[in-house]
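Please open the model in your viewer and keep the selection tool at hand. The stops below go from one element to the next, saying at each what to select and what is there.

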Amino acid sequence: MGRKRTDKIVFDTVKVLDAGAKGVSVAKAPDGKVIFIPNVVPGDVVDVQTFKKRKSYYEGKAINFHEYSEHRVEPVCEHFGACGGCKWQNMNYDRQLFYKNQEVYNNLKRIGKIELPDFEPILGSEKQFFYRNKMEFSFSNSRWLTEKEIQSEEDYSNQNALGFHIPKMWDKILDISKCHLQEDPSNAIRNEIRQFANEHNMPFFNPRNHDGLLRTLMIRTASTGEIMVLVQFFEEDQAQRELLLNFLAERFPEITSLQYVINSKANDTLYDQHIILYKGRDYILEEMEGLKFSINAKSFYQTNSDQAYELYKITREFAGLTGNELVYDLYTGTGTIAQFVSRQARKVIGVEAVPEAIADAKENAKRNEITNCDFFVGDMKVVFNETFIATHGKPDVIITDPPRDGMHKDVVEQILKIAPDKVVYVSCNSATQARDLALMDEMYTVTRVRPVDMFPQTHHVENVVLLEKR
C-alpha cells in the first residue's frame with residue numbers, strides 16, 4: 001500500500017496567537033482547528049502551508065509574512081531555523097519569560113486543578129547565551145545541507161559534519177560552525193577537531209552503515225574554568241586515535257580532563273561504557289558557595305551552572321530550615337541540593353537510583369567536609385519504604401527533584417503516609433508536577449510557586465513549589 005497522501009492546504013493571513021508546547025507557536029485555522037507552526041512568534045501574521053492534518057489540528061510552516069510581531073527579534077545564530085536547538089531565539093527574552101510563566105500556570109491550573117497562591121516572579125537567567133556547561137556533538141559523513149546551501153554555488157562534496165542531529169532525523173547531522181550555547185573554547189575545540197580530522201582523512205561515522213571512526217564529542221565546562229573533552233570512537237585505531245588526542249592536548253593545554261571511549265554498540269550513550277582517561281584527571285570541579293563538586297563524564301549536573309545556583313537558593317529558601325530539621329532529598333543525583341542545604345539542617349538523607357551518582361555524592365561530601373549528609377542507592381519506589389523511614393527517622397522536610405516523568409505514584413503515597421510538615425518540589429516538567437500536586441492536594445496546600453528559567457532561547461522551564469501541611 002502506498003503512503004497516504006496529505007493534501008497540502010494553504011491558509012492565508014493567519015494570526016499567530018500563542019506559544020505552544022515544544023517551542024512551536026499556535027494559530028487557529030478558519031475551521032477552528034489549531035495549527036502548530038515552528039519559527040514564528042505570537043503576533044506574526046502569516047500564510048501557512050500545512051503538511052500534516054489530524055483530527056483536531058494541523059502542522060504547517062509559514063511561507064509568507066504579512067506582519068511581524070512586536071516581540072520578534074533578529075536571531076543571533078546563523079544556524080537558527082535549521083538547527084532544532086534554540087527555537088525561541090527570534091522572540092525577545094522578556095516575552096520568552098512571559099510564555100514560560102504562562103505554561104507553568106496553565107499546567108498547574110488545568111492539570112492540577114488545585115488552588116494556587118500568586119506566583120512569585122519568574123527568575124530570568126542573567127546569561128541568555130553561552131550558559132550551558134555541557135554540549136554533545138555528533139560526527140557524520142552524511143551532512144545535512146540547508147536550503148540556502150543547496151541553492152548556493154559552493155562545493156559541498158565533503159559530506160563530513162560535526163554538529164547536531166536535525167530534528168526527527170536520526171541519521172542527518174547539521175554542521176555547526178558557531179553555537180551560542182557554551183562558552184569558549186567550546187567552538188574552537190569542535191571546529192579544530194573537525195578540521196584536523198578532515199586533513200588527516202579520519203573517517204566520520206555513518207549511522208546507517210554503522211561504520212567510521214569518529215562518533216561523538218562531549219565538552220563539559222565549569223564555572224571554575226576547568227574543561228573536560230571526551231571523544232567517542234566507533235572502533236579502535238590506535239594510530240589515528242592518538243594522533244587526534246595528542247593534537248587536542250597540545251592545541252588546547254587548558255583542557256583539564258581529556259578522555260575517550262571505544263563504543264561499537266548500536267547507540268552512542270555513555271552510561272554503560274568504559275571511559276578511558278588519556279590526559280589530566282577524570283573529573284572537573286564545579287564550585288558553589290565554597291562547596292566543590294566533582295563532575296565526571298557520566299555525572300548528572302544541572303546544565304546551567306549559574307542558574308543552578310539560583311535554583312538551589314530558591315529551594316533552600318522555600319524549605320525555610322532552622323538547623324533542627326531532618327531533611328530527605330529524593331532523586332538527589334550527585335547530592336548537590338543535599339549538600340547545599342546541609343549547613344541549615346540537622347541531617348540530610350539523599351536517595352538516588354544511579355549508583356555512580358551516589359558514589360559521586362559521597363566523594364563530594366567528603367571533599368567538602370560535610371558530615372551530616374548520608375546517601376543511599378536504590379529505586380525510589382522500592383527503597384523509600386517504612387523500614388527505611390524507621391531506620392533513618394521521619395523527615396520534617398522533603399525536597400524532591402524528580403526526572404521529567406515526575407514522581408512514581410508509590411513515592412507520592414509514601415510522602416502522604418510520612419506527612420512531613422513541608423515538601424519542596426523542584427520540577428523540570430510542570431505537567432507531571434501538576435499531576436503529582438493534585439494527588440497531594442487533600443493533605444497539602446501549595447503556598448509558594450516560583451518558575452526559574454534555566455534554558456534561555458528554548459521553551460524549557462523549571463518550577464519550584466512549596467507544599468505545606470493543611
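**First stop: helix α1**

Select α1 and look for its buried residues, which are Tyr93, Gln96, Leu97, Tyr99, Lys100, Val104, Asn107 and Leu108; buried means under 20% relative accessible area, exposed over 50%, and partly exposed in between, with a 1.4 Å probe and protein chains only. Seen down the axis of α1, these buried residues fall within an arc of 165 degrees, so they line one face of the helix, the arc being that of the directions from the helix axis to the C-beta atoms. Turn to the other side of α1 and you find Asp94 and Arg110 exposed.

Before going on, note that this is a predicted model, in which local features need pLDDT of at least 70 and side-chain atom pairs count only at pLDDT 80 or more, while totals for chains, interfaces and linings use all residues. Residues are numbered from 1 along each chain as its sequence is written, and side-chain values use heavy atoms, with hydrogens and water left out.

Helix α1 covers residues 93-110, and its 18 residues reach 26 Å from first C-alpha to last, close to the 26 Å expected at 1.5 Å a residue; the expected span is 1.5 Å times one less than the number of residues. Helices (H or I, at least four residues) and strands (E, at least two) are DSSP runs, numbered from the N terminus.

**Second stop: helix α5**

Just after α5, Gly320 takes a positive phi of about 55 degrees.

Strand β1 and strand β2 (residues 25-28) pair in the antiparallel sense over three bridges, and Val16 stands opposite Ala27 in β2.

Most residues other than glycine have a negative phi, and most peptide bonds are trans. Select Thr13, which is found in strand β1 and has a positive phi near 40 degrees. Tyr331, in the loop between β16 (326-330) and α6, has a positive phi near 55 degrees, and Tyr331 is buried, with a relative accessible area of 17%. In the loop between β9 (169-175) and α3 (186-199) lies Pro185, and the peptide bond from Asp184 to Pro185 is cis, with omega near 10 degrees.

**Last stop: the cysteines**

How many disulfides does the structure hold? There are zero, a disulfide being a pair of cysteine sulfur atoms within 2.5 Å. Select Cys77, whose sulfur is 6.5 Å from the closest cysteine sulfur, in Cys179, too far for a bond; Cys77 is buried, with a relative accessible area of 14%. Cys428 is likewise in no disulfide, since the nearest cysteine sulfur, that of Cys86, is 18 Å away, and at 22% relative accessibility Cys428 counts as partly exposed.

Terms used:
Pairing = 2+ DSSP bridges.
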